[in-house]
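Reader: Hello! Could you take me through one part of this protein closely, and then show me how the rest of the chain sits around such details?

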Amino acid sequence: MRIGIVIPVYNEEPTLAEMFRRLEDAGDPRVPTGGYAERFFVLVDDGSTDTSKEIIRTLATNERVAAVYHKHNMGKGAAVASGFRTALQHGADAVLIHDADLEYDPCDHADVLAPILDGRADAVIGSRFIGRTHRVLYFWHYAANRLLTLISNVLTNLNLSDIECCSKAFTREVAQRLDIKERAFGVEPELVARCARMKIPDGDAQRPLRIFEVAVSYSGRTYAEGKKITWRDGLSAIRCILTYSLFR
């Protein structure tokens, strides 16, 4: 089984090489039937203006790395969409999104992927708030995320705890059907809403996705350390929740 790890990159020069080292050190996840799933990495440079592109070119000499370059900055959603297309073209049986900073731990990938690898899940959403270690930072970020998650749950009838978590994984069948429209950080609520509404073939019928939530650890950055999301992204997230839960 092949797992495509999709990594959007925008001006991550300080963390990119270390992030990739941690990815490699984490190792391939075990498959319940025996052996290991084969990971490969899709690095999507989203028009970086620092040396991220050059670092990616060096990393792409690794046979497990596929590189994608946007000519200009298009946003995280656009980078995720490009990464999904490339991962599927390279034969991915499942895809997992991993940020290029050091906020998420690649050692959690095995747990995130486990419900997919053992056949229980079609999509897995990570959560920073249900049991793993997380760095203590901004109260208002936490409060805003709880509000966004509540609104999303009301409209999707899911019971998630962290829709904005960047660690998300999907089977190939689901990834092929995720027609991502959002260009920026609105991709997170868009993915959740699309999964909530999606149905896939099950014999002669269609069934809803089996969605699982898995705890992940989190070491958030401060704005001084390079955090990019702002209050405007919170307003955009509300628009996305309404749009993709009710109308698309």
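Author: Happy to; I will start with helix 2 and then move on to other parts of the chain.

This is a predicted model, in which local features need pLDDT of at least 70, side-chain atom pairs count only at pLDDT 80 or more, and totals for chains, interfaces and linings use all residues. Residues are numbered from 1 along each chain as its sequence is written, and side-chain values use heavy atoms, with hydrogens and water left out.

Helix 2 spans residues 52-59, and its buried residues are Ser52, Ile55, Ile56 and Leu59. Buried here means under 20% relative accessible area, exposed means over 50%, and partly exposed is in between (1.4 Å probe, protein chains only). Helices (H or I, at least four residues) and strands (E, at least two) are DSSP runs, numbered from the N terminus. Looking down the axis of helix 2, its buried residues fall within an arc of 100°, so they line one face of the helix. That arc is the one made by the directions from the helix axis to the C-beta atoms. The cover over these buried residues includes strand 1 (2-9), helix 1 (16-26), strand 2 (38-46) and strand 3 (65-70), where contact means heavy atoms within 4.5 Å.

Arg57 lies over the face of Tyr69, 4.5 Å from the ring centre. A charge sits over a ring if NZ of Lys or CZ of Arg is within 6 Å of the ring centre and within 35 degrees of the ring normal. Another such case is Arg128, whose charged end sits over the ring of Tyr218 at 4.8 Å from its centre.

Phe129 lies in the loop between strand 5 (123-127) and helix 5 (139-156) while Tyr142 is in helix 5, so the pair ties together parts that are 13 residues apart in sequence. Phe129 is partly exposed at 27% relative accessibility, and Tyr142 is partly exposed at 40%.

Helix 7 (residues 187-197) is mostly covered, with 9 of its 11 residues buried. Among them are Val187, Glu188, Leu191 and Arg194.

Most residues other than glycine have a negative phi. Asn11, in the loop between strand 1 and helix 1, has a positive phi of about 50°, and at 23% relative accessibility Asn11 is partly exposed. Asn157, in the loop between helix 5 and strand 6 (168-171), has a positive phi near 60° and is exposed, with a relative accessible area of 69%.

Stepping back, the protein chain has 8 helices and 9 strands. Its radius of gyration is 17 Å, close to the 18 Å that the globule rule gives for 248 residues, so the chain is as compact as a globular protein of that length. The radius is taken over C-alpha atoms, and the rule is 2.2 Å times the number of residues to the power 0.38. Of the 248 residues, 51% count as buried.
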